[in-house]
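Hi,

Here is the structure I promised to pass on to you.

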Amino acid sequence: MASESRLVVNLDIAGPTINRHLYGHFAEHLGRCIYGGFWVGEDSEIPNTRGIRNDVVAALRELRIPNLRWPGGCFADEYHWQDGIGPREERPRVVNSHWGDVVEDNAFGTHEFMDLCDLLGAEAYVNGNVGSGTVREMSEWIEYLTRADDSPMAALRRANGQDEPWKVPFFGVGNEPWGCGGHMRAEAYADLARQYSTYVRNHNGNEVYRIAAGANADDVAWTKALMEALHDKGDSNRKSAPYQGISLHYYTMSGHWDAKGSATAFSEDEYWKTIKAAQHIETLLAAHSTMMDVYDPHKAVGLILDEWGTWWDVEPGTNPGFLYQQNTVRDALVAAIHFDSFHQHADRLVMANIAQTVNVLQAMLLTDPETGALVKTPTFHVFAMNAGHQDASALHTHLASDAAHQLDDAPLPTLTASASTKDGQVLISVANLELDGEKEIVLDLRGGQLEEVSALVLGGDHVAAFNAPEHPEAVAPRPLQVKEREDGQFVLRLPAHSFATVHGTIVGAAPATAQATVSAVVNSSSGSKPCLNC
């Protein structure tokens, strides 16, 4: 018999807006993410548009991908943008020393990336080079991208075939300066962040949201140093501050960095260690948000989790520097846990970028290098099923359940959920993290009722199930029955290790009003001019 739990959803108590950019993506010059993933070249037999794979673009458009971060990652701090412009046959070859020690021919550069963003309908998040670059180099890149007149960089862009400037809403000032980006101290980088950001200028109405490279996991002291660097400036108008956001990186694994664990062959103990690691994101977001609150109680500065996801040992027989891993039901549940936490912290967290979009780490899509086949991963389906949360108002929810798994004498909750509303519609997300045993979930709706209720469930025969060219829908969404009781509440039976979404139309509820937060401000002007204190 299924154990019963109650999910209370207050339809008339709305929280902050869930910024669509929380469903952002990340593409680095790493392994087969760019080359063989997004980019196949114009002469490829694989159908493409100006060298960009059509099937990859079509699949990602299903997710309503809001933004794409590029070119890194660690690669960003050794990338010199002028190597990637002009005729491809004349572009210099360089060594990608971080990822596989392979030769990079720079076939995919600034113009190709902006073309990709246009095809995806996504906004550009360009990450600049602080580690080995110069202030001038970064300043000239934003000029090249966004200036409209006859300035030197605008003229160079036109000479390379792009007459009109692009819109670049987001710009990262370096990457992981505490590690691959320079092994700096927090205070040293904070000074550089202020300096470099000053020269990432707003040209021709393109208002840039500058993102300082933030902490690794629980290093709250790094966040403190970056907030103090803003506070010391004494500028109450965050719009004119050197940077408007601070990033954070956190990866989920069952082991440690030297032995992260297998993507597909894992024990029950490794599964629960993964769940515990995923649930730690709640602690991290709360800790960094609290530190930011000390200096910024009005939440004008955004927190950006621009690298997150699972990180496993690479698949046997693949280049260890390419970070190619399979993607199972376990990965989908990790994504579900993260999104519920993101929604909870949407008053401060304004963007998140999963690592990475194609063929690397917790990817949306995997492409077969031999056949060219494309596979949608279980994580892809979580993004698709959750797409309705983008720019919706978070609803107050409460799980009344004692369902837990004991790990190291500590209880791990085995249910996770969140809900949102937009335009009279409600989307509820809920996951059963148990390895065995379905759960009966009672949707205790307060402040209104739902009609036209439907549900989807994502799961597999076992928690290590995954999709491959020979079985592309082993893990795919399927209809889930929802029963309405006489008291107007709904009941669903959620299988073990599964994720579900419930959709309905509100009737008889007072309109829920979202809080005004930095998340809503970042979304202003249809996302083309992200600003603070507008």
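Let me start in helix H9, where Thr379 lies. Please keep in mind throughout that this is a predicted model. Is Thr379 buried or exposed? Its relative accessibility is 0%, so Thr379 counts as buried. Leaving out neighbours within four places in sequence, the residues in contact with Thr379 are Asn327, Asp331, Ala332, Ala335, Ile354, Gln362, Ala363 and Met364.

Next, have a look at Glu28, in the loop that runs between strand S2 (24-26) and strand S3 (48-49). Glu28 is buried, yet it has no salt bridge. How far away is the nearest side chain of opposite charge? That side chain belongs to Arg69, and the distance is 6.5 Å. What the side chain of Glu28 does reach is the backbone nitrogen of Cys74, at 2.9 Å. Setting aside residues up to four places away in sequence, Glu28 touches Cys33, Ile34, Pro71, Gly72, Gly73, Cys74, Phe75, Trp99 and Gln356.

Several residues in that list bring us to the backbone. Most peptide bonds are trans. Here, however, Trp70 and Pro71 are joined by a cis peptide bond, with omega at about 5°. Another cis peptide bond joins Gly72 and Gly73, where omega is about 15°. Pro71 is found in the loop between strand S5 (67-70) and strand S6 (94-96), and Gly73 lies in the loop between S5 and S6 as well.

**Positive phi values**

Staying with the backbone, most residues other than glycine have a negative phi. Which residues go against this? Lys299 is one of them, with a positive phi near 60°. Its place is the loop between helix H7 (268-295) and strand S12 (302-310). Asp391, which is not a glycine either, has a positive phi of about 65°. You will find Asp391 in the loop between helix H9 (378-385) and strand S16 (393-400). As for accessibility, Lys299 is buried, with a relative accessible area of 17%, whereas Asp391 counts as partly exposed at 25%.

**Salt bridges**

Side chains of opposite charge can pair when their charged atoms come close. How many salt bridges are there? The count comes to 25, and a few of them deserve a look.

- Lys299 returns here: it forms a salt bridge with Asp293, with 2.9 Å between the closest N and O atoms. Lys299 counts as buried at 17% relative accessibility, while Asp293 is partly exposed at 26%.
- A network of salt bridges links Asp293, Asp296, Lys299, Asp347 and Arg348.
- Lys273 forms a salt bridge with Asp269, and their closest N and O atoms are 3.3 Å apart. These two residues are four apart in helix H7, so about one helical turn separates them. Lys273 is partly exposed, with a relative accessible area of 35%, and Asp269 is partly exposed too, at 38%.
- Asp444 and Arg446 form a salt bridge with the closest N and O atoms 2.9 Å apart. Asp444 is buried, with a relative accessible area of 7%, whereas Arg446 is partly exposed at 41%.

**Cavities**

Finally, the empty space inside. Rolling a probe the size of a water molecule over the atoms shows where empty space is left. How many cavities of 30 Å³ or more are there? The count comes to two. The largest cavity has a volume of about 60 Å³. Its lining is made up of 15 residues, and those nearest its centre are Gly174, Ala213, Ser247, His249 and Asp306. Strand S8 (123-128), strand S10 (209-216) and strand S11 (245-252) are the elements that give two or more residues to this lining. Which of them gives the largest share? That is S10, with four residues.

Happy browsing, and best wishes

How values were computed: Residues numbered from 1 in each chain as written. Predicted model: local features only at pLDDT ≥ 70, side-chain atom pairs only at ≥ 80, totals over all residues. Heavy atoms only, no water. Buried < 20%, exposed > 50% of the residue type's maximum accessible area, 1.4 Å probe, protein only. Lys, Arg positive; Asp, Glu negative; His and termini not counted. Salt bridge = Lys/Arg side-chain N within 4 Å of Asp/Glu carboxyl O. Polar contact = N/O pair within 3.5 Å; in protein donor to acceptor, adjacent residues only side chain to side chain. Contact = heavy atoms within 4.5 Å. 1 Å grid on protein atoms, 1.4 Å probe; cavity = no way out; pocket = protein on both sides within 12 Å on 5 of 7 lines; lining within 4 Å. Points joined across faces, edges and corners; volume = space filled by probe spheres on them.
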